[in-house]
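The structure is displayed first, and my entries follow.

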Amino acid sequence: MSSADSGTEPQPAPAEPAGGAAAEPEAPPVDEVRQALLDSLKAELGDSILGAEIAGGDIWVRVDRGAWVDAARVAKTKLGMEQFCFLSGMDWLPNNDLSAEKVWDPEAEPTNGDGTGATRTYETGVAGGDTRFQVFARLFNPTTSVGITLKADLDEQDPRVGSWISVYRGADWHEREAWEMYGFTFDGHPDLRHIYLPAEFEGHPLRKDFPLLAREVKPWPGLVDKEPIPGEDEEEETPAEGGDGG
Amino acid sequence: MTTTGTDWRQAAYISGQAADARVNVELETEGMTLNIGPQHPATHGTLRIVCRLDGEQVIWADPACGYMHRGYEKLAEVRKYPQITTLVNRIDWLGSFANEVPFILAAEKLMDIEAPPRAQWIRTVLFEMARIANITLFLGDMAAQLGAVTPVFYAFRDREHALNLIESATGGRFHPNYDRIGGLKDDLPKGWIDECKAVMRRIRDFCDEMDDVLVGNEIFQTRTRGIGVIPRDVGLEYGLTGANIRASGVDWDIRRDEDSPLAWKDVDWKVWTHPDGDSFARYWVRLQETREATLIVDQLLDGLPAGPIMAKVPRIIKVPAGEAWVHTENPMGEMGYYIVSKGDIGPFRVKIKTPSFNNISITPWLLRGVYVPDVITILASLYFILGDIDR
């Protein structure tokens with residue numbers, strides 16, 4: 001998987017428009033601090049960097065999952081990212097339709113998790129992504145006050161990545177949480193067990209195909225406050241367009 | 001799940017059994033397992049800490065969280081943006097307003113709108129009020145953990161004034177739900193500024209009282225100095241933030257160090273640090289911060305700009321697609337929201353990074369080798385709120 005990715009991905013990745021729904025069209029001045037961070041990361045990790053984006057005073061770097069631990073080590077030793085902020089996961093399955101009467105509809109889409117559903121497209125976010133699952137983490141340099149978001153794509157069938165415990169001890173609880181909520185396995189974590197949920201809990205609640213039972217029985221009442229005011233339709237249209245354009 | 005996990009559990013079990021069976025010949029003590037919590041005055045809620053003891057010494061401690069896990073990250077995915085402030089209010093319930101601000105700022109960052117100056121200043125005032133209401137309680141409560149009862153009454157007495165102010169401005173004592181995308185719900189009520197200044201004087205008096213009653217107290221110093229020392233690099237690796245890391249000598253405050261739309265850059269104030277990293281340092285830094293917060297509020301009230309409190313925002317709020325991370329220096333430490341939007345009326349994913357979760361994750365490391373009475377001091381000085389750990 002990773003070899004197939006690295007054959008196609010590394011070169012076009014930085015210019016890839018798919019990830020950049022939020023790409024800045026007005027071309028702001030180059031963020032020199034973060035560009036330097038990205039350059040030193042590239043010098044250390046080379047082809048393992050699959051995508052990167054610098055926008056709005058922030059930087060996202062997507063690395064190959066094989067280089068996940070290396071990326072942390074480089075960030076800590078070379079970039080001075082001493083502070084571990086958080087680590088969590090992402091499930092790029094489409095969100096359930098908010099405006100629908102029933103929020104979670106089991107018949108609407110086959111989300112059995114057997115992967116490769118040809119109809120499903122993953123609209124991934126900043127710095128791109130190839131697979132359904134992504135692990136992402138935030139590191140911070142308290143001296144220069146510059147932070148970085150690292151991401152790595154994980155295999156849908158067997159979401160597995162190296163553990164950061166050897167680099168940041170604080171990753172312990174965060175990886176336990178990601179294991180519990182998303183079912184990611186962190187190789188090298190000494191103690192993957194439930195942190196919030198009871199030990200016998202089954203399933204991974206933050207995955208998009210895990211039903212929110214309360215909302216399944218009854219739609220969230222807050223969603224239906226469509227105030228019937230005359231002229232509301234026009235008003236609704238204009239700001240929506242403006243919002244998309246901006 | 002993994003074999004390493006099983007091995008670890010076996011090792012923990014065996015060492016626990018060994019600790020239980022160990023007999024200290026000299027002192028004639030036996031090992032035991034002690035459950036602190038879920039209901040204990042020192043735990044501010046329902047945190048359970050399982051301690052393996054050898055005599056009076058802790059050899060292994062494991063906090064068990066999750067008694068108050070409410071799944072806000074999941075719930076946020078089925079709500080609209082303006083409705084989420086109601087949820088995040090309940091994360092750190094002692095300083096609720098401060099929870100709303102970073103979320104709103106993150107949404108505003110994605111929408112590329114900015115609230116008018118007056119709204120930003122009032123936000124900053126209330127943010128610092130939330131800090132005062134929150135930390136005041138800590139200042140008294142820490143003494144209660146050590147067996148001194150008076151300071152906690154002082155704390156509740158003076159926090160009441162701050163809460164009354166928050167209530168008169170926002171309508172809610174604990175859960176203001178006052179921040180809106182693009183501004184605020186209301187302007188400040190008439191006469192609020194004068195009342196607020198009087199309360200700030202009271203809070204400063206309270207800080208002086210704590211200085212006299214507690215900080216200079218010999219018993220307090222003996223119980224806290226050199227107890228629970230966190231070195232700088234370990235604290236950073238565990239992601240400690242706020243006063244906990246400033247007490248370890250890290251000069252880092254998001255309010256000062258980063259560009260924020262809020263008004264901290266417009267007033268004159270100081271970041272306090274302490275080199276020791278022990279329980280006393282954490283108390284001392286928080287005490288200074290409370291005093292500093294009152295000074296910030298005073299200056300902000302003096303310079304409060306006139307103007308509208310709400311920017312022009314669409315009535316149905318749709319946030320453009322993108323990802324944004326915004327963090328602020330909350331009473332407990334760094335709080336941040338990582339919002340992933342797909343251009344919908346609700347977020348695609350909200351990662352809520354809370355300070356207490358990181359702050360408490362250090363306890364297995366920190367409690368190893370300390371004595372049972374110090375467990376309480378250390379937990380109190382790390383200062384956590386259960387809702388802030390469990391989200």
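**Entry 1: a helix pair in chain B**

I looked up helix H7 (residues 192-215) of chain B and found that it packs against helix H12 (residues 279-302) of chain B at an angle of about 160 degrees, with the axes 10 Å apart. Axes are lines fitted to C-alpha atoms, for helices over the stretch in contact, and angles run from 0 to 180 degrees between N-to-C directions. H7(B) is therefore roughly antiparallel to H12(B), a term used for angles over 145 degrees. Helices (H or I, at least four residues) and strands (E, at least two) are DSSP runs, numbered from the N terminus.

I note for the record that this is a predicted model, in which local features need pLDDT of at least 70 and side-chain atom pairs count only at pLDDT 80 or more, while totals for chains, interfaces and linings use all residues. Residues are numbered from 1 along each chain as its sequence is written, and chains are lettered from A and ligands numbered from 1 in the order in which they are written.

I then listed the residues that meet, a contact being C-beta atoms, placed from the backbone, within 7 Å. H7(B) contributes, among others, B:Ile193, B:Met200 and B:Asp211, and H12(B) contributes residues including B:Trp284, B:Arg291 and B:Leu301.

**Entry 2: B:Asp268**

I found B:Asp268 in the loop between helix H11 (254-257) and H12 of chain B. B:Asp268 is exposed, with 7 other C-beta atoms within 10 Å; exposed means 12 or fewer such atoms, buried 20 or more, and partly exposed in between, with C-beta atoms placed from the backbone. I also checked B:Leu300, 32 residues away along the chain, and its C-alpha atom is separated from that of B:Asp268 by 9.7 Å. For context, 52% of the 391 residues of chain B count as buried, and the chain holds 16 helices and ten strands.

**Entry 3: a sheet in chain A**

I traced an open sheet of five strands in chain A, in the order S1-S2-S5-S4-S3, with mixed pairing. Strands pair if DSSP finds at least two bridges between them. The edge strands, each pairing on one side only, are S1 (49-55) and S3 (83-91) of chain A. Within the sheet, strand S2 (residues 58-63) and strand S5 (residues 146-154) of chain A pair in the parallel sense over four bridges. I recorded A:Thr149 in S5(A) as the bridge partner of A:Trp60.

Helix H3 (residues 68-77) of chain A packs on the sheet, where it touches S2, strand S4 (133-141) and S5 of chain A, and its direction makes about 170 degrees with that of S5(A).

Notes:
Parallel < 35°, antiparallel > 145°, perpendicular 65-115°, else oblique. Contact = placed C-beta atoms within 7 Å.
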